[in-house]
Amino acid sequence: MSTPHPPRRFVITGGPSSGKEAVFDELHERRLPASTGEIAREIYRKHRDRLGRHLQVSDRRDYSREVLEGFITEYCAHKAGDRFYNRGIPDGYGWDAFFGLGPYPELEEAARTYRYDTVFVLDALDDFTTADDTVWAREREIARVHQLIIQGYYDAGYRPIFVPVDSAPARVDFILAQISAPPATSNT
């Protein structure tokens with residue numbers, strides 16, 4: 001009987017329209033342990049449904065704290081083996097900065113306490129359309145969020161690995177080559 005190896009946590013992040021959804025679909029297709037959905041997006045939808053409108057600046061801090069709680073819960077639930085996370089705690093620095101908010105004590109403490117093994121940043125795609133309910137008015141806003149997220153990881157002490165634009169399978173191959181991940185399980 002083999003003993004599972006200690007937890008290794010890998011964040012895959014990037015600004016809107018960086019291709020995260022396709023990369024996570026590919027990870028799931030390969031049966032690699034990965035987040036399903038995106039915590040921040042799911043919480044955003046709950047806030048929007050409850051408020052009957054998009055978030056405003058006055059709503060943003062409560063939303064940020066709820067997202068942080070979701071990230072911590074997901075982090076703590078992982079006890080052994082590898083796991084790929086759709087965004088991570090330091091993403092909060094970037095999103096908060098985009099909305100004109102500074103870091104708050106709970107975010108700073110969480111970024112020090114809950115550490116990821118490797119952070120992968122997906123280089124932005126040239127296509128800035130989105131099929132979900134997130135609307136981006138200007139390409140420069142997308143680029144700004146992307147840069148603020150990257151800066152948040154640097155500020156939290158990480159040195160991200162940048163994943164070049166390519167097909168989702170090629171991006172996953174690139175990521176796996178960086179971490180020497182165990183092979184995916186098969187159905188046979």
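Biologist: Leaving aside its neighbours within four places in sequence, which residues is Glu 26 in contact with?

Modeller: Glu 26 is in contact with Ala 168, Pro 169 and Val 172, once neighbours within four places in sequence are set aside. Contact means heavy atoms within 4.5 Å. This is a predicted model, where local features need pLDDT of at least 70 and side-chain atom pairs count only at pLDDT 80 or more, while totals for chains, interfaces and linings use all residues. Residues are numbered from 1 along each chain as its sequence is written, and side-chain values use heavy atoms, with hydrogens and water left out.

Biologist: Where is the place of Glu 26, and is it buried or exposed?

Modeller: Glu 26 has its place in helix H1, residues 20–29. Helices (H or I, at least four residues) and strands (E, at least two) are DSSP runs, numbered from the N terminus. Glu 26 counts as buried because its relative accessibility is 16%. Buried means under 20% relative accessible area, exposed over 50%, and partly exposed in between, using a 1.4 Å probe and protein chains only.

Biologist: How much of the protein chain do buried residues make up?

Modeller: Buried residues account for 45% of the 188 residues in the protein chain.

Biologist: And how many helices and strands does the secondary structure come to?

Modeller: The protein chain has 7 helices and 4 strands. Along the sequence they follow the pattern β-α-α-α-β-α-α-β-α-β-α.

Biologist: In what order do the strands form the sheet?

Modeller: The order is S2-S1-S3-S4, in an open sheet of 4 strands with parallel pairing. Two strands pair if DSSP finds at least two bridges between them.

Biologist: Why is one side of S2 and of S4 left without a neighbour?

Modeller: S2 and S4 (161–163) stand at the edges of the sheet and have a single partner strand each, so one side of each has no neighbour there. From one strand to the next, the twist averages 25°.

Biologist: Let's go through the pairs. How many bridges join S1 to S2?

Modeller: S1 and S2 run parallel and are joined by 5 bridges. Arg 9 has Arg 83 in S2 as its bridge partner.

Biologist: What about S1 and S3, over how many bridges do they pair?

Modeller: S1 (residues 8–13) and S3 (residues 118–122) pair over 4 bridges, in the parallel sense. Opposite Phe 10 stands Thr 118 in S3.

Biologist: Which helix packs on the sheet?

Modeller: Helix H6, residues 139–155, packs on the sheet and touches S1, S3 and S4. The direction of H6 makes about 165° with that of S3. For such angles, axes are lines fitted to C-alpha atoms, for helices over the stretch in contact, and the values run from 0 to 180 degrees between N-to-C directions.

Biologist: Over how many bridges do S3 and S4 pair?

Modeller: S3 and S4 pair over 3 bridges, again in the parallel sense. In S4, Ile 161 is the bridge partner of Phe 120.

Biologist: Back to burial. How many residues of S3 are buried?

Modeller: In S3, 5 of its 5 residues are buried. Thr 118, Phe 120 and Leu 122 point one way from the strand, while Val 119 and Val 121 point the other way.

Biologist: And how many in S2?

Modeller: S2 is mostly covered, with 4 of its 5 residues buried.

Biologist: What phi does Arg 31 have?

Modeller: Arg 31 also has a positive phi, of about 60°, and is not a glycine. Arg 31 sits in the loop between H1 and H2 and is partly exposed, with a relative accessible area of 45%.

Biologist: Last one. How many residues apart in sequence are Pro 4 and Gly 81?

Modeller: They are 77 residues apart in sequence, but 5.9 Å apart in space, C-alpha to C-alpha. Pro 4 lies in the segment before S1 and is exposed, with a relative accessible area of 57%. For the protein chain, among contacts between residues at least 6 apart in sequence, 77% join residues at least 24 apart.
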